[in-house]
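User: Here's a new model on my screen. Walk me through it, in short answers please.

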Amino acid sequence: MKVLTIVSHPRRESLTFSVAERFVQGLTDAGHEVEMADLYGEEFHPLVFEQDEPDWDNPRKSYSARVQAEMARLKRNEGLAFIFPLWWYSLPAMTKGYIDRTWNYGCAYGGAHLPHQKVLWIPLGGETEDSLKKRSFDTMISHYLNVGLAGYTGISQSEVAFLYNTLAEELESGDEINKHYESMFQRVYELGYTYSDSLAHK
């Protein structure tokens, strides 16, 4: 399977990118083809200007060259993965802007749907699992990603895999912190390695 992995973080040496590298390693070890989109590194512009605003009367509207190229990249992959830090309990502006511009009318909705079999969302949150669940933020975020985005654009399988406590707060010893991150990296490797397993059982 060809999997487009879309990463959003302004720093290449961030935990987000370390997670992405382990995820991609899992995909590769399982035999998948991987294409990575580093939105900051590629200087993707997340603002929607007039040329990329939908024209409801023209389902064949020609968008900007950059957006047309991104649509083509989306369509040449069979699966998607988004890896991003959870900021203000939502997507970073870069990730949201990418979706606003590329999941556009005539491509992702409005007589057309995205062709992907699956999308996996991997948000990195500084909070613990209990803290995120306390006010049902996990449910809110998952519903938005799985139903509001993936479901609306025709992707039948959408999963959210939160990574919690990415700041390792309340962990006192170096050994505890190391084990926490090792466990995190092992989990994302397995998410990559087993990416298509659930599809095989459909």
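User: What does Arg66 count as, at 30% relative accessibility?

Analyst: Arg66 counts as partly exposed, at 30%. Buried means under 20% relative accessible area, exposed means over 50%, and partly exposed is in between (1.4 Å probe, protein chains only). The model is predicted: local features need pLDDT of at least 70, side-chain atom pairs count only at pLDDT 80 or more, and totals for chains, interfaces and linings use all residues. Residues are numbered from 1 along each chain as its sequence is written, and side-chain values use heavy atoms, leaving out hydrogens and water.

User: Which residue forms a salt bridge with Arg66?

Analyst: Glu70, with the closest N and O atoms 3.4 Å apart. A salt bridge is a side-chain nitrogen of Lys or Arg within 4 Å of a carboxyl oxygen of Asp or Glu. Glu70 counts as buried, at 4% relative accessibility.

User: How many residues apart are Arg66 and Glu70 in helix H2?

Analyst: They are 4 apart in H2 (residues 65-75), so about one helical turn separates them. Helices (H or I, at least four residues) and strands (E, at least two) are DSSP runs, numbered from the N terminus.

User: How many salt bridges does the structure hold?

Analyst: It holds 11. One of them joins Lys118 and Glu159, at 3.7 Å between the closest N and O atoms. Lys118 is in strand E4 (residues 118-124) and Glu159 in strand E5 (residues 157-160), so the pair ties together parts 41 residues apart in sequence.

User: Which residues do salt bridges with shared partners join into one network?

Analyst: Glu42, Arg66, Glu70 and Arg73.

User: New topic, helix packing. How do the axes of H1 and H6 cross?

Analyst: Two packed helices are described by the angle and the distance between their axes. The axes of H1 (residues 15-29) and H6 (residues 174-193) come within 6 Å and cross at roughly 40 degrees. That makes H1 oblique to H6. Axes are lines fitted to C-alpha atoms, for helices over the stretch in contact, and angles run from 0 to 180 degrees between N-to-C directions. Under 35 degrees is roughly parallel, over 145 roughly antiparallel, 65 to 115 roughly perpendicular, and the rest oblique.

User: Which residues meet there?

Analyst: Among them, Leu15, Val19 and Phe23 in H1, and Tyr181, Phe185 and Leu191 in H6. Contact means heavy atoms within 4.5 Å. By class, this contact has 11 nonpolar, 5 polar and 2 charged residues. Ala, Val, Leu, Ile, Met, Phe, Trp, Tyr, Cys and Pro count as nonpolar, Asp, Glu, Lys and Arg as charged, and the others, Gly among them, as polar.
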